Amino acid sequence: MIPRIPHNDFGVLAPPALGAWEPALTVTVVIPAHDRQETLDLTLAALAAQSYPEHLLDVIVVDDGSTTPLRLPDLAPAKTKLISSPPGGWGRAWAGQAGLDAATGEVVFVLDADMVPHRRHVEAQLRWHHLAPYVVALGWIDFTAPGALPSPEQVRTAVESGAEDALFPLSAHRHDWAEKIIHDYDGLRSAPSSLATRIHVGATVSYPAALLRSIGGMDTALVLAEDTELGYRLTQAGAVFVPDPESRAWHIGLPTAMRDFAALKRYNDPYVADRVPYRRYLRTDSGRQWRVQYVDATVRSGSYEDVRATVDALLASSIPDVGVTIIGPWQSLTGDRRFPLQDPDLDLRLVHATFEHDPRVSLAVSPAVTGAPFRLQVPAGWVASEDTLERLVAYMEEQDSGRLYIALEETAEGVTVARLDRTAALSRAALVVTGDDDEDDLIDALFGVEWVDGETWGFKRRPAVYPPRRKPLSPVAKLTAAHEKEIALYRKRVAALRVEIGQLKREAGKNGRDAARWREKAEAWRREAVRLAREQNRTVLRRAVRRVRNLAFPDA
């Protein structure tokens, strides 16, 4: 049974210790080379001293139009041959594909002509291929500092004796970005799919030959960035990337990426942007169309209004690189005479007329496999909001999940659903499936399956009248209308506040007048109180005087 590796977690495999196992797979080492005779001699000398069994290993050197034709040195593996790139192209991918076409090994091991592998370099990678037929193994690279090169004989002797570390002075430069990703994600075992693919560097890497051929091999239209593009397609094919620190090799000198990174990036960006939709930062122009879509949506043909509403909404997504395939019996649309308005295929014909010339839309009889990393299936008649796809894909990327069911509606007949799949998960499941497997259970075990509510994510039924009879408002017009509505609401609130303030002022004036009257009354009461007090005091005094007089003059 083929092992089932979830996500990129190759930790479920148990590779044997180096030198403690018996290899069985054949391997063809493909070396594309252009004007690299001196370093090629060292590469072949190191390959002649590999620990991997000689009878299972052969080498193909592909001369990519060298100025002085390359030759095979005396010191090379027994089964080594030299071929020339075929006419019609040039570059590393073109030469690599020529080697792949000529390779007979069950594993294809691509090695640059300026690499000097350690003794167990091939063995370390091949042990992974014996465990699972969809592993892509990568070597660990040390870069040499400037200095005189050893002879092929010295290389052979050092590799045979395990003294490879002393062959070259070590450069201070490393593949820091790749090693950081590997370190931060537990040796790449916990890396999400869209990130694991980034560490695919073509200087030393091995592939299952069948897997590599199944995706078409190299993109021979590229002369640079071919390993970046190939890594992306391998991910979509279900590959698991295994960087093995025990598969060590020297890289003689620094690669172009380290010598002139800015110029290389400037050259590569347009080619990578067109072919690798994971690089979202390269696709910021919403008005562009791309060779490989980010999301490939499928809608089955139905009523004209339902199909058009669904497709229109998908094409208006905030994700600019969305392609739509409409599935229907298009072959039934003939040019025979008919009553146009009573045509039994009228809806199908109207859908065909609407989208026939839209380059973002394909009309197909059955779903086709594309290079998009995400695949969406939506029933006709349901429309997504502008940011629905962007949010759903972001959610799947956050979880690195394989399948998302979106529940749209529940009726007596059942649940209407849309479905978003990760292409890598579908491909991985196809690689390991057996006759007893349920697809959902298998994808759940490999990447995870989840259900979400469609309304929450912005799905709704199409409007009763569709297409609209007037031009929809542009985003700017919608924003302006919303602002004007908000301003009108504020103006209404301000007017109400002014009325309230006027009322408060009137009440404050009345209260002021009342307060003045009360102050006047209080003053009057105070004066009256003083008067009464004084009057009372005088009365008391008079009484006292009379009493005194009566006491003093009782007979008066």
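Two strands pair if DSSP finds at least two bridges between them. Helices (H or I, at least four residues) and strands (E, at least two) are DSSP runs, numbered from the N terminus. In strand β3, Ser84 is the bridge partner of Asp63.

This is a predicted model: local features need pLDDT of at least 70, side-chain atom pairs count only at pLDDT 80 or more, and totals for chains, interfaces and linings use all residues. Residues are numbered from 1 along each chain as its sequence is written, and side-chain values use heavy atoms, with hydrogens and water left out.

## The sheet

Strand β2 (residues 57–63) and β3 run parallel, joined by five bridges. Both belong to an open sheet of eight strands. The order is β3-β2-β1-β4-β7-β6-β8-β5, and the pairing is mixed. β3 (80–84) and β5 are the edge strands, each pairing on one side only. From one strand to the next, the twist averages 30°. Strands of a sheet pair through backbone hydrogen bonds, either parallel or antiparallel.

Helix α2 (residues 92–102) lies across β1 (27–33), β2, β3 and β4 (107–111). It runs at about 150° to β1. Axes here are lines fitted to C-alpha atoms, for helices over the stretch in contact, and angles run from 0 to 180 degrees between N-to-C directions. Contact means heavy atoms within 4.5 Å.

## Helix α4 and its neighbours

Helix α4 spans residues 152–161, and its Val155, Ala158 and Val159 are buried. Buried means under 20% relative accessible area, exposed over 50%, and partly exposed in between (1.4 Å probe, protein chains only). Seen down the axis of α4, the buried residues fall within an arc of 95°, so they line one face of the helix. That arc is taken from the directions from the helix axis to the C-beta atoms. The cover over these buried residues includes α1 (37–47) and β5 (115–117). Just after α4, Gly162 takes a positive phi of about 75°.

| Pair | Axis distance | Angle |
|---|---|---|
| α1 and α4 | within 8 Å | roughly 30° |
| α11 and α12 | 9 Å | about 25° |

The angle makes α1 roughly parallel to α4. Angles under 35 degrees count as roughly parallel, over 145 as roughly antiparallel, 65 to 115 as roughly perpendicular and the rest as oblique. Asp41, Leu42, Ala45 and Ala46 of α1 make the contact with Pro152, Val155, Arg156 and Val159 of α4.

Helix α11 covers residues 304–315 and helix α12 residues 346–355. These two are likewise roughly parallel to each other. Among the α11 residues that meet α12 are Tyr304, Val307 and Leu315. On the α12 side, the residues include Leu350, Val351 and Phe355.

Most residues other than glycine have a negative phi, and most peptide bonds are trans. His7 has a positive phi of about 50° although it is not a glycine. His7 lies in the segment before β1 and, at 25% relative accessibility, counts as partly exposed.

Asp400 also has a positive phi of about 50°. Its place is the loop between α13 (388–399) and β14 (403–411). Asp400 is buried, with a relative accessible area of 7%.

The peptide bond from Tyr466 to Pro467 is cis, with omega near 0°. Pro467 sits in the loop between β17 (459–461) and α16 (475–552).

## An exposed loop residue

Asp436 is in the loop between α14 (423–432) and α15 (439–446). Its relative accessible area is 76%, so Asp436 is exposed. From Asp436 to Ala515 is 79 residues in sequence and 94 Å in space, C-alpha to C-alpha.
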